[in-house]
Each structure stands twice: as structure tokens, then as C-alpha cells.
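Dear colleague,

Please find below the structure that I am handing over to you. My findings follow it, and I would ask you to read them with the structure open beside the text.

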Amino acid sequence: LAEHEGHPWVEAVLLRWEPEVAAARDALDRAVASLRESTIAVLVPGARPGEPIPAPGHPVRLDAAAVAAALDELSAVGIGPGLVAAVGDLPGLPDRVVRLPAGVRSLEDLAATQRGLRGARRVPAVDLDPAWTLPLTGEDPTLCRIEESLGALGDTQFGVRAVLSEDGRACDPLVAAAGCYVAGHGTGTDATPTLLPGPLWTHLTADPAVTNDTRRLLDLRCGLLLRDGDGADTLRELRFTCLARPGTALLRAQARAGAIAAGTDLILPDEGPEHATIGRDGPTTVAVTSSSRARIASVATSETTEAAGMTAVERRVVSSRHPTRPRTRDAAPRLPDELAAAPFEVLLAEQRAAWAARWGQADVHIDGDPDLTRDVRFCLFHLMASVPDVGEAAVGARGLSGRAYRGHVFWDADVFVLPFLAATHPAAARAMLAYRVNRLPAAQAAARAAGLPGARFPWESADDGTEVTPETAIGPDGRPMTIVTGRYQDHVNADVAWAAAHYLDWTGDRRFARGGARALLSETARYWQARAVRDAAGRAHIRDVMGPDEYHAAVDDNAFTNNMAAWNLRRAAAVVTASDPGHRGEAAAWRRTARDLVDGYDPYLGRHVQFAGFDELEPLLISEIADPPVAADVLLGPGRTAATQVIKQADVLMLHHLLPGERPRGSLPRDVEHYLPRTAHGSSLSPGVHACLLARLGRHREAVDLLRLTARIDLDDLTQTTAGGLHLAAAGTVWQALVYGFLGVRPLTSGVLAIDPRLPGAWEGLTANLRFRGCALRVTARHEALHIDADRPVPIALSGRRHLLPARRSVFRPAVDGWKMDPR
Amino acid sequence: MTRILAALDASDTLEPTARAARSLSALLGAQVAGLHVVPPAAHRAADLEPRAGFEVEVVEATDIVEALRTAMETSDVAVAVVGARDPAGTTPVGHVARRLAEQLTVPLLVVPPGSSLGVDGRVTRALVPLDGDPETSADVGGLVERLASARVEIVLTHVFNTRHVPRFVDEPQHGYDAIRDEFRARNEPLADRVELRRGAAWGAVLSCAGDIAADLIVLSWAQDLGPGRAAVVREAMANPTIPTLLLPHHETSAPPVGG
């Protein structure tokens, strides 16, 4: 795959330093300069740091460690071994490195061939590392929409589905922009806002003879989608959306002479926008899609060249999004001169480096399970690609990868997506919270409309923050069904507050603590304070709610809702007490209500009761119906399901997941023992949460099984709806199962990072890159040791002991009473 | 030109069967003809052609099913039509229809007594039950294309039950829309819509047919009525209430499945 006309595509060279090489200094300098002009990095393993080519007389210490260090250096800018050429014998080279003869002549030849490939605008290669690449076979045309979702690219602000270039409007092409919606039409779900589709930029005109091979490869490490099938008479193409320049996208394609043409740079989506225009402006095409609520504008230019019997098409696209009502005088987008002038290879190198930097903050690696590692990276890749890190981020249930769920924002974003970002790329988590803070007025209005103070966030929201949950939909029996989630799932209020607090725990962001977080926590607390009602005995209740288990509606004292509300009240009281003495009286009332709220815990049973009366329902176990995961309500019907103890997803257990350690000691295993056999996992959010909790309990086999299942929900299309977009929240639970579950990492409110690994026997190790309160961390748990690399001093709690780790690697060894620091 | 060939006799099924054959011929732009097979020396009905409204050939044979099968499998027969006859009410579909269904390699329209194919002979809506198996979908593809080109509304139905149940439905107000969209795209993009149902398969299909006022049900099957097989077709044969077009499964008709 990596070869073009007999020559491999190379992004970096490792040069063995030998006397003959050093002696030919002028020729060496010319070859190195030529390679660098082709954006090819040249490193000499063993040379002094910061000195890629040794100066005369400087020593070179060549060994396997030096080679590994050089490869690490390249990996840090997104260049994997498959894109590296080694000139001369080097110790410890991975198999995928291209081996070339020693000497400057070899370097000169390489420079010439690489210059030729770039001059002819050949499609670059990707590193075929199976742990970093996802093949899309394209074999079955009926499954094309699934692959379009799986291979979707995102730059955090714009997403583009992986439509085949020659397909035009076939399958389900979509360019989506975060926060841009168009009003719905019709009734039920159709009447609610949906994602505004933007101009499509992936289309090429191609001779059908060159499009038979539709195999593609998603390079997770660098955010590249490569089409590069076998055979000379095949369309090759590389496209990417620039992580470092959101809104910018590039495509390069090649085929035999005359077999491809740029066609139209941009095409308008068939349906969706209220208005759409397209036209030419000199060499560029300008297209705009808009609604009364938002606008997406794109400008694109394509350049076609012929060389050596091949046609190459190179396209550059710049898009802008206007999530709020567009101003009529918004300037038309234009292609920045600097972008138009930059060589494709330079922008590609920038893309590789940008993604490598994101992975440097976020990668999770499971030693001993490369398949699972790849599946996990697939999940993390799409999480990173889907969330803006500037302004505000409206993160829909399917991100920017498809139309399903209409881009609506659920608790999925706050509880399942945000933690990963808070722990790896806080700016994106902050943008997600900005979305909530900016919609506080709408939430306050919703509370007022219900006759309550404070704020009540909607179950589903789009651009303006109002409730957009449809009230009816067509159900699985073809009949209209009443949708009550918007009415009853009050817990979303506490979920939003939890997200704000969780972000603070990870980041210590004081500015946000004083502003947005305080507003979110206190306004949601005011709602709970009024929402709770007291009985004659003084106990506080929250009635008529629905917990995460959506099989049971309009219940009283749902344990999850009540305990989350109590937590919300306490956390808000702490914030208000510390920052605003004038509200201490109100804070004291919140604490009293939190204290008096029925928590559902039954000391006799040693577990929680999901809601008042739950234990009196028919004690049906999920095994009596079907093997989970299963949409049990489809089999039983909603009425029958509601009369049983079968639950859709983690409910009581969700409480343990969000507030670990805050429930009575010993209640987690009891609750798992009681509720797991009743859980259908009918929501894609459920298996990952259970994997996390089972990992904490040391039930590793079950935990790993559920983790694998969750990591492949989209890869195996387990929901039968991946075609409509990827399940971002389920992807978030994969990360949480690994980091919160198996590594036992949790940020504490006290500013300490708790770590408590529980490693399955079949895994050799588990590594996660994290960012805690400004400190970049790498936590690696192995059976024989725990390594924590920190770039600055960081307080941790391990095995009940607190440590202030220095800015270097700290090593702990397992002991009878927990982990002990290895003084060496 | 292709033909619609109807198996006719002098019973009460003649009129509905002939009417259905005429409707089908108009729908598919095919000629229509009838075939009356009688045992040697048996009485030959005299007034078949006036009652049928088209030409009816009379053939003598000892094995009626074999004679019908041979005639119906000639290359120009697009669809065979047979009435579901059971004067006694014990075996709703007669043995002739049943054996033809099991043996014919061409599509067979089974017409229940008293039914009609469409209103005033015009077919406007066909219900196509699919289980999501790509081979089944491939089986119906050709016919659906012909019906769609004749402006017949194609409604797919997929029945959820213990054999076919989604694993996850995150939010029903969005999840079922997503399932419907993808089911249509993957199984029969020419369809106008998808109706989901749950419960016992044939009951749900019949109920759906009633809900949408379907003129016709189109079923693909492997022509095996043995125990545990073809439950929907068995039910359809046992309780025929609406004209049902049975499409034999052809091993070679399915595209490769990958992914």
C-alpha cells in the first residue's frame, strides 16, 4: 500500500552515522536539505538531543535505545515506523521500517524519488499499524452507510461522513457543523430541530473502471482517510479535516491519466437547508447552506495536474459556521492566501503533528490486547474529533458523524463524554460546559414555567436550550407512543451540575469555579430545593420522575435522582458558602434538604431500592426473557415491562458510578448483585458503566466482556443504527471503564488524584495519558509495578496513602497492604 | 411478452383467482391465460372462459399438480396464480396450492376465497415483510422494482419478536426512526416506508396489512414447510385472508455479504 511506482512513500529517515557519511559532508547536507524540502524529517539515532545531524567531532552513541528514542521522536509528530526509511543497518528496527543501503548515495537516491513522488502529487501513505488503523472494506454496498459513519472525519467543529468520492449524493453524505441546526417540519420527532447539512466537498468525477476497489483505511493516529486499493488502475485518495485548523479540509486523489476529474468543488445537499446557494468566484467555488437559525459557508478550489501518465486532483476547502442567527452581511468565506500557498505535504505534516499531540494527552493502551487497544482508540478518536475546544460545544448523541438523534444534546454529553475531555483536553470540556452556561436563561425559564425557582435543563436540547424532546413518536408496534422522558427525567439537572463539578475536580479551573460553575450548581440546587416535598415526618421526597432506567416512568424517590439531587445541593452549598457569605442561609437550607432526602438505601437489605415500590414489582430477571443486551420493552411491551423489575440500564448503579464512595460501605457489591440480573442493557450507555463497576469489584472477566462489547457497539453495528452516526456516549463509557474502572483513577474535590488499579490477569499492562490540574500524567499499571510519569509535582492518593509525586517517573510496587513507592 | 398463468377450476375460487390474475397482468404489463387441468375422462367445465374473462386452456392429466407445475415453469410465465380452496374449511389452502408453493420456481400468487387483488382491480399498496436477512431482501428486490415502477406503494414491515429483537434502543423517539431508516436503506431502498411491528410474525404482518390497507403481501421463502421452517408462510397458508405472492428463494440471487 505504501509504494508508488516501486518507491515507498517516506515521511522520515533514520540515518546510520558512519565515518563515510560524516566524510561526505557536502553531499550529505545537500541530500538532507532536499529531503527537508520534501518535508521529510532526517534523524541520526544516537546524536545529541536537538542536533539531528551531528556536527563534526560530536559523538554518536548508536544502540537500540537510541533508535527507539528516534522513533519515539517521530511518533510524537505522528510519523509511525511504516513511514520511516532507515539508511544503513540500525539495531532494534520494527518490521515496518523500510531498509535502504548505507551511505549518502542512498540518501541522495531517496531524496530524488521522494521529490519525484511529491512533484507528481502522488497520494501519500499511512502507517499500516493495526493498532492505529481501521480498515473499511467497502465490500457490501448495503453497508456503505455504516462505513460512512465509522470512517467519518472531524476537526472538532466540522464533521464529514466517509462517503466515497465518486458516489456524490449516493448513500448518506453529510457535512455537519457543531451547533448548527435547522428547524424541523411535520409532527413528532420530525418537528424538532435537526443538524443543518453543509456543502459537500468530497465529490470527484471518476471513470467507473478505477473505482471498483473501495477499500479504505482510517488512520486513527493522524486523522486521515486513505483509499488505496491494489492495482495500478485504481483511484487513490487521501482526505483529512485539519485538527489544527478547524474548518479546513484537504483531499488529494490520483488515477491514471484522464480517469478522474475534480468535477464540482462543492455540491449542495439534496435536502435539509432552508436556503442553499452555490456559485463561482474566480478559481473558487462558494456554497452556503442556511436556516433561520444557522449558516454554514464553504469555499473550495481544486487543482488538477497531469504527470507521468497520471492525473492528480488536489482540493482545499475552508468552511465557517455560524451557529446563531446569521447576519445577512456576514462576509463570504475566502481561502486564506497562506493556506492556498502551503504545500499539501506541509499541511499533512501539521495534521500528523496535531493529532499526535492530542493522542499524547489522551491515548490509552492495553498491553497484551492489541485488538481491544485499536477498538478503544477508535472510540477515543471520534470523541476527540467531535467536540470543539473554543467557544461552546453542543455535543449531540451522534456527534458530527450522522443525522440520527438530530444532533440533540442529552445527558450523554455531560456524564459520558465530558469526563474523557476534562481529563485529557480540558478546553473541550470547558466548551461543553459553556454550552450549558449559555443556556442557563432557557433553563431558568423552563423552571419558571413549571412554577419553580432555579433552572431546569431540558432532556433534549439543540441551539436555543429549550426542551426539544418530541412528545410523540411512532413506536415498535407502529402506533404513536407518548414520549415522557422530557417530562420526567429531572435528573438531567443534577447531571449538568455533576459535569461542572467533575470538570473542576479534574482541572481546578478557578475562573470557571467563580463564574459558570457557581451559576450552574446554585441554580440547579434552587430547583431541587423547591422540587423536593416534605412529608409529615420531615423526610424529603422527589416525586414523579424517571431515572436513567426508562422502563419505569413517573416514579417516586428514584434513588439515583434523589441522591444526585442531594449531592447537587451539598456541592452548591459548599461553593456558595465559600464564595458568597450572603447566601449562607440558603446554603444551609440546601444542606438540610440534602440530609432529609430519601436516599433509597435499605440497611436491612444492604442495598438501594431503585424507587418507591420497585421491590413490589414482578421479580422478573432478564435471563427469563432473553440474553442481554436486549431491548426488553420491545419483547414485553412497555406496559408489561413497567410492571416488572427488568430495568433498561444502570440506575442505582449509575449512582455508584458518578458518586463513588459516597454510598454506604458494602452497598456497591450488593447493588450489583441485585440489579445486574435485572438489567437488559437496552441502552448503549449501560454495558460500559457496568464494565467500570465490575472492574472495581474485581469481577474482571465480566468487566472485560462488557468493555469489549461496548468498544465494538459501532464497529459491529450492534444497535443497527450506526449508519445514522456513532454512539459517542458509549465511546465515553469505554474510556471511563478503563480509566475509572480498571485504573481506579478519580479526581477528588480536594485536589488530589486517586489511583487504585485493578488489572485483569490477561492484560500485561494498562496505560492512560491524562491531564490533572495542569499536570501531564502517564499512568501505567502492570502486575509487578505502577509507573506514574508526571511533568510537574502532583498530589495523588494511592492505597489510602497520599503522595506528592515529583516531576519525573515514580514507581510503585505491589505489597501486602497496597502499593509501596519504590525508592529506586 | 411474459404471461400470468392462473390455475382455474369451476369452484367458487375461479372468480377471485381470475380477477387477481387480470389485475396482476395489468400491473405487470403481461398477458394473462388460464389453465384447467382435469383427470382423463373427468367432467370438463364448460363455462370457464366467460367466467375468467380470458382464454383458458384445458389439459387432461392424472397428476394435476405436476401438469400445472410443468405449464407454469415455462420460460414466459412471470407469475403463477392459484386460488386457495377449501370448501370443507379444514385445510384452508388446498393441496394443489400447497404443493405448487413448495415446488414452483416461479413466483406464485395465492388468492384466498372471497378476496380481491386491489380495489377495482388496481393494486396501490404492497406489504413486504422482511426479516433483515440480505438473501431474503435480494429475493424480493426484482419484484419490488417492478411494482414500484408500476407506482405501487411499497411498504416494508419488520416484526420484532424473540427471533428478531434489537439489542439497544437508546431513545425510542429517535431510535426507531434510525432503525426504520437503515432497515429501508439496507434491505429495499425503493420502498416508500417501513412499518415496525412486534409480536408473532404472521399475526403482526396481517395486522399491519390491515392497518395500511395493503392489497398484497409479498413473501420470500425457501419452500420448506417442514417443522420449524417458514413459520410465516405456514401461517399465511393456514389463514389466507389477503392475496399473498410467494417468491421462491434462489441461492444465487443474494449479493455477497461482507463487513
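How many nonpolar, polar and charged residues does the lining of the largest cavity have? Before the answer, please note that this is a predicted model.

**The largest cavity**

By class, 10 nonpolar, 4 polar and 5 charged residues form the lining of the largest cavity. The search of the whole structure finds 11 cavities of 30 Å³ or more, and the largest cavity holds about 150 Å³ of space. Of its 19 lining residues, those closest to the centre are Asp412(A), Ser683(A), Leu685(A), Asp170(B) and Glu171(B). Two helices of chain A, helix 9 (411-422) and helix 23 (728-742), each supply at least two residues of this lining. Helix 23 of chain A gives the most, with 3 residues.

**The second largest pocket**

The second largest pocket contains about 980 Å³ of space. Its lining is made up of 36 residues, and Leu659(A), Pro660(A), Gly661(A), Glu662(A) and Arg746(A) lie nearest its centre. Among the elements that give two or more residues to this lining are helix 15 (559-579), helix 19 (652-658) and strand 29 (746-747) of chain A. The largest share, 4 residues, comes from helix 13 of chain A. Divided by class, the lining of the second largest pocket has 17 nonpolar, 9 polar and 10 charged residues.

**Helix 3 of chain B**

Which residues of helix 3 (residues 64-72) of chain B are buried? They are Val65(B), Ala67(B), Leu68(B) and Met72(B). Seen down the axis of helix 3 of chain B, these buried residues fall within an arc of 165°, so they line one face of the helix. In an α-helix there are 3.6 residues a turn, so residues three or four places apart point the same way. The cover over the buried residues of helix 3 includes strand 1 (3-7), strand 2 (31-38), strand 4 (77-83) and helix 4 (95-103) of chain B.

**Thr780(A)**

Thr780(A) belongs to strand 32 (residues 775-782) of chain A. Is Thr780(A) buried or exposed? Thr780(A) is buried, because its relative accessible area is 10%, and buried means under 20%. The side chain of Thr780(A) makes a polar contact of 3.0 Å with the side chain of Thr767(A). Leaving aside neighbours within four places in sequence, the residues in contact with Thr780(A) include Leu766(A), Ala785(A), Leu786(A) and His787(A).

Yours sincerely

Technical notes
Residues numbered from 1 in each chain as written. Chains lettered and ligands numbered in written order. Predicted model: local features only at pLDDT ≥ 70, side-chain atom pairs only at ≥ 80, totals over all residues. Heavy atoms only, no water. Buried < 20%, exposed > 50% of the residue type's maximum accessible area, 1.4 Å probe, protein only. Arc of directions from axis to C-beta. Contact = heavy atoms within 4.5 Å. 1 Å grid on protein atoms, 1.4 Å probe; cavity = no way out; pocket = protein on both sides within 12 Å on 5 of 7 lines; lining within 4 Å. Points joined across faces, edges and corners; volume = space filled by probe spheres on them. Nonpolar A, V, L, I, M, F, W, Y, C, P; charged D, E, K, R; others polar. Polar contact = N/O pair within 3.5 Å; in protein donor to acceptor, adjacent residues only side chain to side chain.
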